[in-house]
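Good morning, everyone. I'll walk you through some local features of one structure. Here it is on the screen.

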Amino acid sequence: MKEDYVNIGKRLPRIDGIVKATGEAKYAGDLSLPGMLHGKILRSPYPHARILHINTDKAKRVSGVRAVVSGKETIGFKAGGISATGDEPYLALDKVRFIGDGVAAVAAIDEETAEEALDLIEVEYEELPAVVDPVAAMKEDAPLIHDHSPRNISFKTDLSYGDVDKAFKECDYVREDRFETAPIRHGFIEPHAALASWDHSRRLTFWGSKQSPYFTYRNMAKALNIPLSRIRVVQPYIGGGFGGKNEMFNVDFCAALLSQKTGRPVKMVVSQEEVLFAYRQRHPTIIDLKTGLKKDGTLQALEAHIIADGGAYLSIGALSLYLMCAFFCIPYKLPNMRAKGYRVYTNTQPSCAMRGHGVPQSRFAAEVQLDIAAKEMGLDPIDIRLKNALKPGETTPNGFKITSCGLEESITESKRIMARWIEERPKDGDGKKKSGMGIGCYGYVCGPRMAGHNTAGAVIKVHEDGGVSLFTGSTDAGQGSDTVLSQIAAEVLGVHLEDIRYGMVDSDVTPLDPGTFGSRVTFITGNAVRIAAEDVRNQLLEVAANALEANPKDIVFKDRKVYVGGSLERSMPFSKLVKIAQYSGTGKTIIGRGYWAPEGLEVPNFETGKGNMSAAYSFGAQLAEVEVDTETGLIKVTRMAMVHDCGQPINEMLMEGQLEGSAIGGIGHALTEEIIRKEGQTMNSSFLEYRMPTSLDACKMEIYHTETCDEVGPFGAKEAGEGIQVSVVPAIVNAIYDATGVPFKRIPVTPEVVLSGLKGKS
Amino acid sequence: MKKQIRLKVNGVEYFAWIKPHWTLLDVLRNEIGLMGTKKGCDRGECGACTVIMNGEAILSCLILAIQCQGKEILTIEGLAQDGKLDPLQDAFVKLGAIQCGFCTPGMIMASRALLNKTPHPSEEEIKRGLSGNLCRCTGYTKIIAAVQKASTTEGSR
């Protein structure tokens, strides 16, 4: 049921807007401490080599250098998405596995001195044969990147539901294609940065650009071999993450280790160039896909074979591969499916989670193949989607339980939008420029249930002036969750958004939290905040009832006041109520506590794909209109529309911002972005050569939401802005197909690709 | 060898001892302590370090501090006057043109220089004026709208 809210659903400016607009917001690289040193990392120049010897004597003798460390000075901890299979030392131990792998680190009085010292570290390498292509890496005689992984397979999945072979035999139409996606980067503008301070009580305080600070909290303790209670992780403002700042990296570790060695605070800020070649990327994939349909367009069977290039280390890759495969089961009914996936080590930059996490690659393949099938069968691409759309109450063959679901409505609305666009469509003019329209759909998680810690917590403290302090363990990397969570607290307590002070993560104070990934913060932490605020309200209810001589049941919290049954005559300011609670009698300390995680979910098995990941799923459709210049191959996305079901939006303006950012990012993935490497060497490690969309690529954007109200989400809210990324690329590629008649099966679709595609057609 | 230069930053005169190869960005951040100007790429590709020098938007990572002798520089910290936000800052906040905020100072300074020269820019002029400033979060839509709004607010003053 929709209700009249004061804060929920409103277009409220974000709570950190002013400090960000004035330049006062401090990011990790802006921080400094007295006596602070500056650190730099020496990186491998080889894609694959054994380290025979490291001599740091000359570097240590440079005036101003305070410490030099290499893998020998570490305990050899190896990080990994699943700690039992950790394979990534923060500084190389015996081998380097990609160009950019961390080998040694220096702390010095300034950055220049540290850089000078890096040049004087002598590393003797024995070059090993490298393998940079995932297909070659899977061959029996390929060089082994990690001894424990035959054929360089870091993880594999094998999902099978229904009777796939029989289903394909019964299909009227079967189609097979190979799709490929290029490696791309997260694209945050703030480079990785860390500041660490070790003191003589053997305690480490760490500030870093981490979107999930508690990952670093745990791994830092393991990597330094010190108790968790000796580590305090404090989160400054984060300059974007998109999945690329979840994990703890060598920059974080080296800052801490060098601080431990020198007894001085150490700051490390990596260059954007280093971010581009030495940190993370989205998994490039090769997807062989087969889809079978009945003549009326009913999806019958799907079979996929995926090779995902994981780069040098596992990272969070097991989850990535599971998601790529399992999400073939959503957003359409698919009774029979089989998906085999291989995540393969190569001597390149490691792959990890990135907005949409694994699903954009497989959804690109599935949605484009669906359009090819529709065209060949003479069916309408929208009708075919509508026919197969999942509905509320259904369960996918792998076990996703669909609860609230506005997919059908989203597709129906898309049909109306597309009809209007067709009417408004410019004539093709001189015939050299062709326009086209395309659609893609998605379903996405609202906080994935995985093994391990999954609960979000919130603590709320009220002040006697009516102010409210809210603490959670969740991080706003830019998406606006600090504001959304504050809106939830304000709604429950009947105060204004500006009354809430949001305390960013400080592991000494804030509740343990898994982190900012899988669109979990609004949904899961939002519920924890709601419960904590209700706890505060309950603690104040009795006091209010006594003071106002009323039944606690009749007390209403609204507009910074408490009322009896909504009557203005019997009310008092919220601040006065808090004061009475704190001062009268023995006094009360009003602190509310809430914690929440979805109940009854089946933790998915990454290898078989079985399980129910999320307490709710978001859905939606993305439309794109493109203009293709058939002479130059240039493509311009002229407008886009998004029709999505995110439940009850908590903040419409921030939600739109998430969708718009995701959509424009998708233009980059579809048309321009690709990390280009030669023999493991990144050739475009600058923003000039790696083309992300600029303001010139911004296009008209229409946003509609399908009204659902999720029963589990806080105030009915679900995920927004990450799921949509999944369908942007196929919508654009399908629009190009509509314009040119050529279905492009590899992204990015650059002008050269367009021209050769058009040539191939004629 | 350090050399002394004189700079006027946000109306205040500074005498800074600098090394000749230091950029204006490094001097603003490390010597003067104005951390609002961001270092995104340090090679003139992302626009996060945009400041206004003698009325022109410049990338402070691409100019040596020593070239700025006697120049007047406006950074993001100098934009709000008497506790009141610049109309651009206000519009960025109110229209949701800010997400992670790392590109924001540069984006606002580039917009400021644009509006100083072209008080009522068309959408196309705004897009061109900001095309050197990268933002991965917003998709630029709300940034463009904020600049449009600020241009109308300023016009009525």
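Let me start with a term. A crossing of two helices is left-handed if the near helix is turned anticlockwise from the far one by less than a right angle, and right-handed if clockwise. Keep that in mind for a moment. Also keep in mind that this is a predicted model.

Now to chain A. Which hand does the crossing of helix 6 and helix 7 of chain A have? It is right-handed. Helix 6 of chain A covers residues 213-224, and helix 7 of chain A covers residues 250-262. They pack at an angle of about 50°, with their axes 11 Å apart. That angle makes helix 6 of chain A oblique to helix 7 of chain A. Who makes the contact? From helix 6 of chain A come A:Met220, A:Ala223 and A:Leu224. From helix 7 of chain A come A:Asp252, A:Phe253, A:Ala256, A:Leu257 and A:Gln260. By class, this contact of helix 6 with helix 7 of chain A has 6 nonpolar, 1 polar and 1 charged residues.

Next, a sheet in chain A. It is open, has 3 strands in the order 6-2-8, and its pairing is antiparallel. Strand 6 (95-96) and strand 8 (122-127) of chain A are the edge strands, each pairing on one side only. Strand 2 of chain A, residues 49-55, pairs with strand 6 of chain A over 2 bridges. There, A:Ala49 stands opposite A:Val96.

Over to chain B, and another sheet. This open sheet has 5 strands, in the order 2-1-5-3-4, with mixed pairing. Which strands stand at its edges? Strand 2 and strand 4 (56-59) of chain B do. Each has a single partner strand, so one side of each is left without a neighbour in the sheet. The twist averages 40° from one strand to the next.

Look at strand 1 (residues 3-9) and strand 2 (residues 12-18) of chain B. They pair antiparallel over 7 bridges. B:Lys8 stands opposite B:Glu13 in strand 2 of chain B. The two strands form a hairpin, with 2 residues between them. In the turn, B:Asn10 has a positive phi of about 55°.

Further along the sheet, strand 3 (residues 50-53) and strand 5 (residues 72-74) of chain B run antiparallel, joined by 2 bridges. B:Ile52 has B:Leu74 as its bridge partner in strand 5 of chain B. Helix 3 of chain B lies across strand 3, strand 4 and strand 5 of chain B. Its angle to strand 3 of chain B is about 35°.

What links the chains? Let's take aromatic pairs. A search of the whole structure finds 17 of them over all chains. One of them is A:Tyr27 with B:Phe102, an edge-to-face pair. The rings sit 5.2 Å apart, centre to centre, with 85° between the planes. This pair crosses between chains. A:Tyr27 is in the loop between helix 1 (17-21) and strand 1 (37-43) of chain A. B:Phe102 is in the loop between helix 2 (87-94) and helix 3 (104-117) of chain B.

Last, some backbone details. Most residues other than glycine have a negative phi, and most peptide bonds are trans. Now the exceptions in chain A. The peptide bond from A:Ile330 to A:Pro331 is cis, with omega near 15°. A:Pro331 is in the loop between helix 9 (317-326) and strand 18 (336-345) of chain A. A:Ile747 and A:Pro748 are also joined by a cis peptide bond, with omega about 5°. And A:Ser315 has a positive phi, near 50°. A:Ser315 is in the loop between strand 17 (299-311) and helix 9 of chain A.

Thanks. Questions, please.

Notes. Residues are numbered from 1 along each chain as its sequence is written. Chains are lettered from A and ligands numbered from 1 in the order in which they are written. This is a predicted model: local features need pLDDT of at least 70, side-chain atom pairs count only at pLDDT 80 or more; totals for chains, interfaces and linings use all residues. Side-chain values use heavy atoms; hydrogens and water are left out. Two strands pair if DSSP finds at least two bridges between them. Helices (H or I, at least four residues) and strands (E, at least two) are DSSP runs, numbered from the N terminus. Axes are lines fitted to C-alpha atoms, for helices over the stretch in contact, and angles run from 0 to 180 degrees between N-to-C directions. Angles under 35 degrees count as roughly parallel, over 145 as roughly antiparallel, 65 to 115 as roughly perpendicular and the rest as oblique. Contact means heavy atoms within 4.5 Å. Ala, Val, Leu, Ile, Met, Phe, Trp, Tyr, Cys and Pro count as nonpolar, Asp, Glu, Lys and Arg as charged, and the others, Gly among them, as polar. Rings of Phe, Tyr and Trp (its six-membered ring) pair if their centres lie within 6.5 Å; planes under 30 degrees apart count as stacked, over 60 as edge-to-face and the rest as tilted.
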